[in-house]
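Please open the structure in your viewer and keep the selection panel at hand.

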Amino acid sequence: MKYGIACANGTVAMHLAMATLGLEPGDEVIIPTFTMIATANAVTYCGAKPVLVDMEPEYWQMDLNQVEDKITPRTKAIVPVHIYGHPTDMDPLMALAEKHGLTVIEDAAEAHGAEYKGRRTGGLGHAAGFSFYGNKIITTGEGGMVTTNDRELARLAWNLRDHAFSHERHFWHKFVGFNYRMTNLQAAVGLAQVEQLDTFVAARRRNALEYNCRLHGVPGIRTPAEAPWAKNVYWMYGILVDEKEYGMNRDALRRVLADHGVETRNFFIPMHTQPIYWKQYYGERYPVAEDLCKRGFYLPSASSLTLEEIEYVTDVIRSVAR
Ligand SMILES: *Cc1c(COP(=O)(O)O)cnc(C)c1O
């Protein structure tokens, strides 16, 4: 992308990108319900309403067939989230956005280096937000970035990031800006991390392949898929457990792994079931997201994972399968 606006973290990168749109109370932004809380909160910070869509069951991304039904005269933007490092199917989404005059802001916090038809995520929409938190593919400890090719959007984001100082007169403010700056120390770490991105992505893809091979044929275990048009960077290597076929449910398997010293984590909890949001979505159901939440968890996924460690983890999973 032509412009990168470095930020204090990924959440404020998403907020900053949305703040450039001048959203007003009552405006709507379409997001997937199955995401990390910051996606929805960034919309809420702007006073707008996150409008939800379910996921498609194959790659666990936003279901594009449901997006158009959710567009109203108040819709201003669509935020696809490249969940767990797999890209969203962006071409149809961009066509839809164009048809309705909407801005697309990618949440690329989990997808550094991922590709869609050979093009990198974070460069597919009108703008994108990245996170460089400690558990992301590259990190500055805390950090984030807005990326865009839109010069006006970039200019506004730079200004809003830094208290919206006006150009004609310092300490003179025509917008309510923020302090979302990244420190130079973090930026130095980030530059060194970017040099290693390809190495980290290659390691994650190698690890995912190893997991896939070792879990192949284990009844009731569904491994992550990769679309023919996608390069998945496997920020998190997630699996789904079918209780009947596998012989125990997700939570029981996680306990077995914990007893063997393997830390795992459950999938996201959908936005429409969150204590801070459920009243807004009372009666709305998103069955794919709910199923992912119930049956999904991720295995150790760090770039530094060794093949021996993967063998150990998968041996435990195989040994207790029905
Ligand atoms: C991590 C993450 C964020 C937030 O990033 P922070 O740097 O932790 O603020 C936003 N969206 C998604 C999808 C994330 O995974």
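The model is predicted: local features require pLDDT of at least 70 and side-chain atom pairs pLDDT 80 or more, whereas totals for chains, interfaces and linings use all residues. Residues are numbered from 1 along each chain as its sequence is written, and side-chain values use heavy atoms, with hydrogens and water left out.

Next, select the contact (heavy atoms within 4.5 Å), to which domain 1 contributes 46 residues and domain 2 contributes 40 residues.

The area buried between the domains is about 3600 Å², with 65% from carbon and sulfur atoms. Buried area is the accessible area (1.4 Å probe) that two parts lose on being put together, summed over both. Show Trp60, Tyr84 and Ile137, which supply 22% of the area that domain 1 buries against domain 2, more than any other three residues.

Now select Arg120 and Asp198, which form a salt bridge (a side-chain nitrogen of Lys or Arg within 4 Å of a carboxyl oxygen of Asp or Glu). Their closest N and O atoms are 3.3 Å apart, and the count between domain 1 and domain 2 is 1 salt bridge.

Finally, display β3 (49-53), a strand (a DSSP run of E, at least two residues, numbered from the N terminus). β3 gives the largest share, 5 residues, of the side of domain 1 that touches domain 2.

Notes:
Helices (H or I, at least four residues) and strands (E, at least two) are DSSP runs, numbered from the N terminus.
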